[in-house]
Amino acid sequence: MVRLATTRKGGGARRTAEERRAEVLQAAVAEFALHGLHGTSTEMIAKRIGISQPYIFRLFASKKELFLAAIDQCFDRVEAAFRNAAGEPAIPGDHFAATPVEARLHEMGHAYLRLMAKRELLLFQMQAYAACSDEDVRRKVKLRWDRLMKVTGEISGASADELTKFFARGMLMNVFASIRLVPEKAADKWGHQVLGLR
């Protein structure tokens, strides 16, 4: 029974629990992105990657726990992209830093544009916000937003006003891209215009 649950339908190499957990999370983000917290079943997630539905509950105690883990993964990816783009943390008050605030935000904006190419990540973000009527989800999203704002400020050296504008532009891009207001072929150019990138 366990052997069948931990291999793909139709055969395939066995995977570790950590590998399977990562695969389930990836499938969960994709399904939640399309159907939301309440419209997605664990059966849908299991079917996407060809595992038994009960096996999901060996990795996650509940569907909500899986959703919360997906929120963490989503914010982790954005945070990692920002860190990689910004380079070393800015030194507060150092007006002679090799990389000024504007340049750091510029690179972080480009990094976010690249993340937006993964539509399921973008749509999952919107589903996470929509699910905040659930108190556990709201707390998780607030915690991760607070952390992302803090990290972004630390690695960019941006002021509170600069951070507000940066995130406001990002959210505007999320909304427009979600409703496909901008054709995909023009999305990159449009994104640069919205973020004020060159």
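Helices in this report are DSSP runs of at least four residues, numbered from the N terminus. By that count, Leu105 has its place in helix α6. The model described here is a predicted one.

## Overall composition

The chain contains 10 helices and 0 strands. Followed along the sequence, its pattern reads α-α-α-α-α-α-α-α-α-α. Of the 198 residues in the chain, 44% are buried. Among contacts in the chain with a separation of 6 or more, 68% are between residues 24 or more positions apart.

## The nonpolar core

The largest nonpolar core comprises 54 residues, and those with the most contacts inside it are Val24, Leu66, Phe67, Ile71, Phe82 and Phe124. At least two residues of this core come from each of α2 (17-39), α3 (42-49), α4 (53-59), α5 (63-86), α6 (101-116), α7 (119-130), α8 (135-156) and α9 (160-178). The largest contribution is that of α5, which gives 12 residues.

Setting aside residues up to four places away in sequence, Val24 touches Ile45, Ile49, Ile51, Ile56, Leu59, Phe60 and Leu66.

Helix α3 has buried residues of its own, namely Thr42, Ile45, Ala46 and Ile49. These residues lie on the same side of α3, because they cover an arc of only 95° around the axis. The elements that cover the buried residues of α3 include α2, α4 and α5. Just after α3, Gly50 adopts a positive phi of about 70°.

## Aromatic pairs

A pair of aromatic rings is described by the distance of the centres and the angle of the planes. The structure holds 8 aromatic pairs, and two of them are set out below.

| Pair | Centre to centre | Angle between planes | Arrangement |
|---|---|---|---|
| Phe32 and Phe67 | 4.8 Å | 90° | edge-to-face |
| Trp145 and Phe167 | 5.1 Å | 55° | tilted |

Planes over 60 degrees apart count as edge-to-face; the planes of Phe32 and Phe67 stand at 90°, so this pair is edge-to-face. Phe32 belongs to helix α2 and Phe67 to helix α5, and the pair links distant parts of the chain, 35 residues apart. Phe32 and Phe67 are both buried.

The pair of Trp145 and Phe167 is tilted, with 55° between the planes. This pair also links distant parts of the chain, with Trp145 in helix α8 and Phe167 in helix α9, 22 residues apart. Trp145 and Phe167 are each buried. Both residues also belong to a cluster in which ring pairs link Phe82, Tyr112, Tyr129, Trp145, Phe166 and Phe167.

## Helix packing

Two packed helices are described by the angle between their axes and the distance between the axes. The axes of α7 and α9 come within 10 Å and cross at roughly 105°. Angles of 65 to 115 degrees count as roughly perpendicular, and α7 and α9 are therefore roughly perpendicular to each other. On the side of α7, the contact is made by Arg119, Leu122, Leu123, Gln125, Met126 and Tyr129; on the side of α9, by Met171, Asn174, Val175, Ala177 and Ser178.

For α6 and α8, the axes come within 9 Å and cross at roughly 130°.

Because buried means under 20% relative accessible area, Leu105 counts as buried at 13% relative accessibility. Apart from neighbours within four places in sequence, Leu105 is in contact with Ser156, Ala158, Glu162 and Phe166.

Glu31 is found in helix α2. With a relative accessible area of 8%, Glu31 is buried. Not counting residues up to four places away in sequence, Glu31 touches Gly36, Thr40, Met44, Ile45 and Arg48. One of these, Ile45, is among the buried residues of α3. Glu31 and Glu120 are 89 residues apart in sequence, and their C-alpha atoms are 8.5 Å apart in space.

Note on methods:
Residues numbered from 1 in each chain as written. Predicted model: local features only at pLDDT ≥ 70, side-chain atom pairs only at ≥ 80, totals over all residues. Heavy atoms only, no water. Core = buried A, V, L, I, M, F, W, Y, C linked by side-chain atoms within 4.5 Å. Buried < 20%, exposed > 50% of the residue type's maximum accessible area, 1.4 Å probe, protein only. Contact = heavy atoms within 4.5 Å. Phe/Tyr/Trp six-rings, centres within 6.5 Å; stacked < 30°, edge-to-face > 60°. Arc of directions from axis to C-beta. Axes fitted to C-alpha atoms, helices over the stretch in contact; angles between N-to-C directions. Parallel < 35°, antiparallel > 145°, perpendicular 65-115°, else oblique.
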